[in-house]
Every structure is written in structure tokens, then in C-alpha cells.
Amino acid sequence: MVLDERMEKHLDLLVSRYPSLTVCKDQIRDTYQILKDCYENHGKLLVAGNGGSAADAEHIVGELMKGFKLPRKLDNTYAEALQQADPELGKVLADNLQGALPSIALDGHTALTTAYMNDCEPLLCFAQQVNGFGNKEDVFLGISTSGNSKNILYAATVAKAKGMSVIGLTGQKESELSKIADICIKVPQTETYMIQELHLPVYHCLCLMLEDHFFGK
């Protein structure tokens, strides 16, 4: 797959800074395309991980749901609609809200997840949320350094059953997640903390590419 010049520049910068990620370049390209199509079809991203990967899930959502590098000003039609709804409050909203790419980190719903884990099968806490939130046009991103985290695999299975695209972000070893996923970005490390150190620049690159496409000039 060939991307436009702006998107390729983001990838080129990534691999110039992290040469070991050259082996992931095609998978990052394909992941970007799936996410771009998802958002163009009014879908959303569901992200899940455990431990440090849960922090990464929250980090990704933070970069997508507000401005990352760009200001993401609202379009004039929406800004005017806000001010028509309430002239005073609407102006503050129009001046300060930023464009968002809808994303949900599945680790963050404490009441729901603890209730589900107490009443039902704990390993299905992410799967339950994919079951409730997920639609065909959405994407599930499972982050697992081993690629074998059972709660991620259950969630990925639900996503596949719903017709969603499934992306894996793992270490370099083959895994159950790499078998289930439509695309699996396998960063070239096997030690957990080293895998996590490479996950961050990968998802930052994807967030930059998406922001540039939807909000860049």
C-alpha cells in the first residue's frame, strides 16, 4: 500500500528515529488505513490492554480525543450551532472545543468492570464492553506484549464476531493475538519493558497520521 506524501513523511520520521521499527512499516501503514476508513465511516476505536498496556490504551485515547499537535478548530457550521443553542455558553464551547476522533479505553470503567468481574467471568470484562460498545464499522485494538493475554483474546473474538476490524500491538513473537488480528504490529523485542518502549512511538506515529489526515491543511 502506498500512502500520500504527508503520511509517508510521518512513517519516514518514525523509522529514522527508531530504525528497528523498519520491519513494522507495512503493518503500521495498513493499520493507519483501517483506522482512517473506520473514522471516515463514523466508527470508533476501542482499545484495551493490561498494566502498562492499559496506560498505553489511555494514552492513545488522549491523543485521539483532543488536539495532539494541531489545534483542531471546530468547523464554522458546528460553531454556529453551539452559539445558537446558547449564545453565552456556546461561544465558550465554540472557542475551546477541539475536533475528536472517537476512542474508548476499556480499562477505565471501574464500576462496570468490577461489577462484571464480581458477578460474572473476570476475564471477559473487556469482551463485555466490546459486546456493548462495538459496531461493525468500529475497530478493536488489543495491546499485549505477549500477544496471549486471555482477556484481550476474548475481546478480540467478540470484535471478530461483530464484523469489526481487529488490530494487535505485540512483541515480535508469534502469538494467539497475531493469529486472530487482521493486522498485528509486532515490534522487534521480546522483553516486556523493551516491547512497551517501542509501542509508544508506533502509536504516536499512527495518531499523528490520523490527526494530519482529518485536521491538517
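Student: What does F215 touch, leaving out residues up to four places away in sequence?

Tutor: F215 touches L70, R72, G99, A100 and L101, where a contact means heavy atoms within 4.5 Å. Keep in mind that this is a predicted model: local features need pLDDT of at least 70, side-chain atom pairs count only at pLDDT 80 or more, and totals for chains, interfaces and linings use all residues. Residues are numbered from 1 along each chain as its sequence is written, and side-chain values use heavy atoms, with hydrogens and water left out.

Student: Where does F215 lie?

Tutor: In helix α10. Helices (H or I, at least four residues) and strands (E, at least two) are DSSP runs, numbered from the N terminus.

Student: How far is F215 from L70, C-alpha to C-alpha?

Tutor: 7.3 Å, although the two are 145 residues apart along the chain.

Student: Is F215 buried, exposed or partly exposed?

Tutor: F215 counts as partly exposed because its relative accessibility is 24%. Buried means under 20% relative accessible area, exposed over 50%, and partly exposed in between, with a 1.4 Å probe and protein chains only.

Student: And R72, buried or exposed?

Tutor: R72 has a relative accessible area of 2%, so R72 is buried. R72 sits in the loop between α3 and α4 (76-85). Phi of R72 is near 55°, a positive value in a residue other than glycine.

Student: What about phi of H42?

Tutor: Phi of H42 is near 65°, again a positive value in a non-glycine residue. H42 is in the loop between α2 and β1, and H42 is exposed, with a relative accessible area of 72%.

Student: OK, on to the core. Which residues touch the most other members of the largest nonpolar core?

Tutor: L45 and I60, out of 37 residues in that core. The term means a set of buried Ala, Val, Leu, Ile, Met, Phe, Trp, Tyr and Cys residues joined through side-chain atoms within 4.5 Å.

Student: Which elements give two or more residues to this core?

Tutor: They are α1 (5-17), α2 (25-40), β1 (45-48), α3 (52-64), β3 (139-143), β4 (165-170), β5 (183-186) and α10 (192-215). Helix α10 gives the most, with nine residues.

Student: Which residues of helix α7 (residues 125-133) are buried?

Tutor: C125, F126, A127, Q129 and V130. What covers them includes β1, α6 (110-119), β3 and α8 (150-161).

Student: Now zoom out. How many helices and strands are there?

Tutor: The protein has 10 helices and five strands. Its radius of gyration is 18 Å, close to the 17 Å that the globule rule gives for 217 residues, so it is as compact as a globular protein of that length. That radius is taken over C-alpha atoms, and the rule is 2.2 Å times the number of residues to the power 0.38.

Student: What share of the residues is buried?

Tutor: Buried residues make up 47% of the 217.
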